[in-house]
Amino acid sequence: MAEGTTSPSAPPSPSPAGAPGPEGDSYLRRRALRRGSAGWLLLTGLGVAYVVSGDFSGWNIGLSKGGFGGLAVAALLMGAMYACLVFALAELSAILPTAGGGYGFARRALGPWGGFLTGTAILIEYILAPAAISIFIGDYVESLGLFGLESGWPVYLACFAVFIGIHLWGVGEALRFSLVVTAVAVAALLIFAVGAFTEFDASGLNDIPADPDAFGSSSWLPFGLLGIWAAFPFGMWFFLGVEGVPLAAEEAKDPVRSMPRALSISMGVLVLLAAVTFLAASGARGSAAIQEAGNPLVVALQGDGGPTALSRFVNYAGLAGLVASFFSLIYAGSRQLFALSRAGYLPRFLSLTSRRRAPYLGLLIPGAIGFALAAGTGNGARMLNIAVFGATISYALMALSHIVLRRREPQLHRPYRTPGGIATSSTALVLALSALVATFLVDREAAFTALAVYAVALAYFAFYSRHRLVAGAPEEEFAALARAEAELERS
């Protein structure tokens, strides 16, 4: 189906004119994004950029929770969850190619409450994750001795100011910048793997001592079967964020075709990077040596001989990976905020766009919040754990949305269909719920903090914004179309 066309059951085109709501056509014209700015290649780069920093650090902490075997099983299960979820999202994004992404899918399937719950969970992920990554960027800048800077608020402020400035310049320029930085990081990971495999020793994989009191413990599962579950959140770090690609749908070229293609290729690249990075790093230096390292790839290469040319290169490339993820996550958060605001779920002024069609307040306000969190707490690990909690809730709700739409609206026009259908999205749902519970095993304070944020957001929606939704927003029109079709069928 060509871009901009509709079938009897297809969603309305999210053009600036739209179908006017009570606010009139001018409301949506002042909230229009630049369409046709991203083809499948830029979208694929965006999908990899969301995630690539997780290959450089973070995942290795899962070794301290489950050992090599436990983290390996956790990564396999989480990889399966993301693969199933990505296939489900490919179908949903072809049905409803708007900036709402997961909120829009859940809005159609689960109603306004489901849409708000999903959108809020996504916002928690995409506002907290950049704040955490800005701290990690500061740590890298300090460790590398760049410009004599130390990790602290000036570095965090520079990150937000410079990269939000690029986003304000325009989406096409922003995504091209992201693609270049991501390509550097991916190339560095592959070069790292080649160098690390020359030092590979299989005996180092299971060198973490087994806990004799843990049920089912062994050399491969030193913390027992429960260690697999505890390692779930760290297995997610190889893929966390790829689900954000549909948020670029309104700015994509032919999103009906390019979205499924970009999602599938992104996931394939991430699986490859996860496998080679995990195996090469653990085997080159040993699981015990890298399980608590802030820069596990560098530690894996250095051994006992100190820094090498390759380890220095990977260290700089790690900074590139962090920048790529930081940059792309800012983009994702701004588009989710834009869509929720445009539809009235959040204050409407947040969705206003500039002359260059950038949601400037949707970029500046989350950026200010992220900077304040980074400068005020300095706890990147805690913020990432909160982001993971929000992510798992959104995954479960998006998978459920796919199941509900397949069962309730089998006649809905689907330019792309998920392989395996409901069985695929049901697998994603079960694994997402398992990962949600696992977050309490890793960081209960982070989980309860996320729940508190959720409670405040739900109170705002219950008492205020649900009575002020914008009927002309694309995601709301799509839901209204479903109600109209259902009434026609009943009559």
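By class, the residues lining the largest pocket of this predicted model divide into 20 nonpolar, four polar and one charged. That pocket has a volume of about 620 Å³, and the largest share of its lining, six residues, comes from H5.

**The largest pocket**

- Of the 25 residues that line the largest pocket, the closest to its centre are Ile124, Ile127, Leu128, Ile369 and Val453.
- Two or more lining residues are given to this pocket by each of H5, H13, helix H14 (360-377), helix H15 (380-408) and helix H17 (444-463).

**The second largest pocket**

- The second largest pocket has a volume of about 440 Å³, and of the 18 residues that line it, the closest to its centre are Gly58, Ile61, Phe136, Ala293 and Gly294.
- Helix H4 (61-95), H5 and H15 each supply at least two residues of this lining, and H5 gives the most, with four residues.
- By class, the lining of the second largest pocket holds eight nonpolar, seven polar and three charged residues.

**Cavities**

- The count of cavities of 30 Å³ or more comes to six, and the largest cavity has a volume of about 190 Å³.
- Among the 16 residues that line the largest cavity, Ser53, Gly54, Ile133, Leu240 and Leu384 are the closest to its centre.
- The elements that give two or more residues to the lining of the largest cavity are helix H2 (40-51), helix H3 (53-56), H5 and helix H13 (309-342), with the largest share, four residues, coming from H5.
- The lining of the largest cavity is made up of 10 nonpolar residues, five polar residues and one charged residue.

**Leucine 85**

- Leucine 85 has its place in helix H4, and because its relative accessibility is 3%, leucine 85 counts as buried.
- Apart from neighbours within four places in sequence, leucine 85 is in contact with Glu243, Tyr395, Met398, Ala399 and Ala428.
- Leucine 85 and aspartate 139 are 54 residues apart along the chain, and their C-alpha atoms are separated by 33 Å.

**Alanine 281**

- Alanine 281 lies in helix H10, which covers residues 255-285, and it counts as buried because its relative accessibility is 0%, under the 20% cut-off.

**Histidine 167**

- Histidine 167 is found in helix H6, residues 153-169, and at 3% relative accessibility histidine 167 counts as buried.
- Beyond its neighbours within four places in sequence, histidine 167 is in contact with Ala174, Phe327, Ile330, Tyr331, Ala358 and Leu363.
- From C-alpha to C-alpha, histidine 167 and leucine 89 are 25 Å apart in space, and in sequence they are 78 residues apart.

**Cysteines**

- A disulfide is a covalent bond between the sulfur atoms of two cysteines.
- The count of disulfides in this model comes to zero.
- Cysteine 84 counts as buried because its relative accessibility is 14%, and cysteine 159 is likewise buried, with a relative accessible area of 6%.

Key. Residues are numbered from 1 along each chain as its sequence is written. This is a predicted model: local features need pLDDT of at least 70, side-chain atom pairs count only at pLDDT 80 or more; totals for chains, interfaces and linings use all residues. Side-chain values use heavy atoms; hydrogens and water are left out. On a 1 Å grid over the protein atoms alone, a cavity is a set of points where a 1.4 Å probe fits but cannot get out, and a pocket is an open set with protein on both sides within 12 Å along at least five of seven lines; lining residues have an atom within 4 Å of a point. Grid points are joined across faces, edges and corners, and a volume is the space filled by probe spheres set on the points. Ala, Val, Leu, Ile, Met, Phe, Trp, Tyr, Cys and Pro count as nonpolar, Asp, Glu, Lys and Arg as charged, and the others, Gly among them, as polar. A disulfide is a pair of cysteine sulfur atoms within 2.5 Å. Buried means under 20% relative accessible area, exposed over 50%, partly exposed in between (1.4 Å probe, protein chains only). Contact means heavy atoms within 4.5 Å.
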